[in-house]
Amino acid sequence: MCGIVGYIGSKPVKEILIDGLRELEYRGYDSAGIAVLQNHQFSLFKAVGKLINLEEKAQSYESTGFSVGIGHTRWATHGKPTELNAHPHVGQNSYVVHNGIIENYQELKAMLTSKGVQFLSQTDTEVIVHLFEYHLKTSPTPFDAFTKTLEELEGAYAILLVNASADNTIFFAKHGSPMILGRNREGETLFGSSDAALIGKCNEVIYLEDGHYGFASSDTVALFDSKNVSIALNFTPLSENKLSAQKEGFRFFMEKEIYEQSTVLSDTLMGRLHDETVYFEELDSSLFTGISEIKLCACGTSYHAALTASYLFERHSRIKTSVEIASEFRYREPLLTPDTLFVVISQSGETADTLESLKMAKKAGLKTLVICNVDNSSMVRLADASILTRAGIEKGVASTKAFATQVAVLWMLSLFIAHERSTLTPSDLAHQIKILRSIPSIVKVDVTLHEQLRRLSKRYLHGHGFFFIGRDVFFPLALEGALKLKEISYLHAEGYPSGEMKHGPIALADPELFTIALLPQHKLYDKTKSNVEELSARDSTICSISPLDFDKADDHIRTHMHDDYMQEFFEMMVVLQLLSMEIAVRLGNDVDMPRNLAKSVTVE
Ligand code: F6R
């Protein structure tokens, strides 16, 4: 997602800004820009696409001597990825870069427009720079105007703003989106939305907290808290190791990615939920004209997201839905009819089997849609329409946040179609949207639970195998839990619908067979419980995951009480991810790069 850098000093500013942005590339972006202020004059460069395009645009620009600069990589949310929508955004004599979302931008824009301000972009960010200049007319100093501006902003933000009348200064603020201020022994000050951008350039940093704001100039840094009280500068040393810095204090990328699911899911939902409808900027409702069936196709974890979606599509959108494993679909001579919407799901957008399946569907004349995490990937370029999951780059080979965001997008899509086909009442839709909005807070990792799972993991390092079982959407979740465990612990694990155990698999039950039972309160609790009791009666060791007590469990992981089964789904997803990770850690395995696996499978 978006990235921010800032610099105050005398080195070549363009190189420093672009270098910092390059360190943030792993987060994903679709346009970039920099603004440099030197001797009261601004230079601005913006480009759509990769940083190389920005470098080309700024090729002839060279700076010598003191300057201040701000830079940004943008992942489009409000408005398309165009140069006009790329940051920095410009007023008459000021520039701003911003991460987050200004929730009241429409009211602010209306107020500023009524005062004669002209807007150039479709972004929420642009209001910040105009609001600042509006206040500057009546404020004694630019910092006063900046403070007044912050008082009127609602939502989440990390902001850097520069103004020509204060040509050695950057004004900064943090509220809900990350921002780090750093300095080095040469007296330079830098900013970054992640410390990855500051490694090697700063030796100490301050991780700003929500409500912190202030200004930094060539010789001063002034920092204030949310009560407008000046606070001391508590710098901490910054690691010099890039890889460990990118992990932001976590032991593995997988752990970091599990912990950041709350933030990325907020990004996934951002701008897409209205009170009674779901809105996808990318989708034209004509995509669904003449469609009476949906075919979902994917591999691995993405297949599990597809299988989860098949329950939601039939339940909410009342549309016939089938699910295909791409490697099977390709060669089984499937019957394809033009009333079928063919939906592929892929984190990378490059998986060979899924890509070939998409080509087959296109060749057969089907309408196609891809749910993907990587813009401009082969699948996104090929499909008729695409929805991006906005998970940011996933580095751990075992997929976590990509799965979470795929399920969230597919769930939203089921509601989008339900709205088109009037298969849910407005109040049911409103209820679903309310539940969706709660998901980012539900997946926040509870550190006490994480510690319980860490301790519990030592009891699950042996045995002859694991059954992960559940019903309804908890069956694909069981499949995903088993896959996670297999991938990183190398222990044998299978996912099953819990009602299927008695048709064969139960023959394996004994104390060395571990059953991980997903027992949600709000979906077929009694039915699943009976199935788990059957396993318990055959002496399988039972680890239940449920908000309700279960007296047949050998171990019990208590989840929170929720109103809806999808909330339980997302909380249990986090439990399964953490449990697998902790088992793999105890076994001494390479969590981020497990043996035999690749992140993107571009061969058959
Ligand atoms: C498992 C995992 C894989 C991928 C699969 C498809 O943790 O990551 O099973 O889900 O290889 O990859 P994408 O989604 O990129 O098509």
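I began with two strands: S9 (residues 180-183) and S10 (residues 189-192) run antiparallel and are joined by four bridges. Helices (H or I, at least four residues) and strands (E, at least two) are DSSP runs, numbered from the N terminus. Leu-181 stands opposite Phe-191 in S10.

I noted the ground rules. This is a predicted model, where local features need pLDDT of at least 70, side-chain atom pairs count only at pLDDT 80 or more, and totals for chains, interfaces and linings use all residues. Residues are numbered from 1 along each chain as its sequence is written, and side-chain values use heavy atoms, with hydrogens and water left out.

Next I looked up the sheet. It is open and antiparallel, with eight strands in the order S3-S2-S4-S1-S10-S9-S11-S14. Two strands pair if DSSP finds at least two bridges between them. Strand S3 (41-48) and strand S14 (236-237) are the edges, each pairing on one side only.

Then I turned to the ligand. How many residues surround the ligand? I found 15, with Ser-302, Ser-346, Gln-347, Ser-348 and Thr-351 the closest (near means a heavy atom within 4 Å).

I checked polar contacts (pairs of N or O atoms within 3.5 Å). A polar side-chain atom of Thr-351 lies 2.5 Å from a ligand oxygen. For a polar backbone atom of Ser-399, the distance to a ligand oxygen is 2.8 Å. A side-chain N or O atom of Lys-484 is 3.0 Å from an oxygen of the ligand. Alone, the ligand exposes 410 Å², and the protein buries 89% of that (Shrake-Rupley method, 1.4 Å probe). Helix H9 (300-317) and helix H16 (474-489) each give two or more residues to the shell.

Conventions: A polar contact is a pair of N or O atoms within 3.5 Å; within protein, one must be able to donate a hydrogen and the other to accept it, and residues adjacent in sequence count only if both atoms are side-chain atoms.
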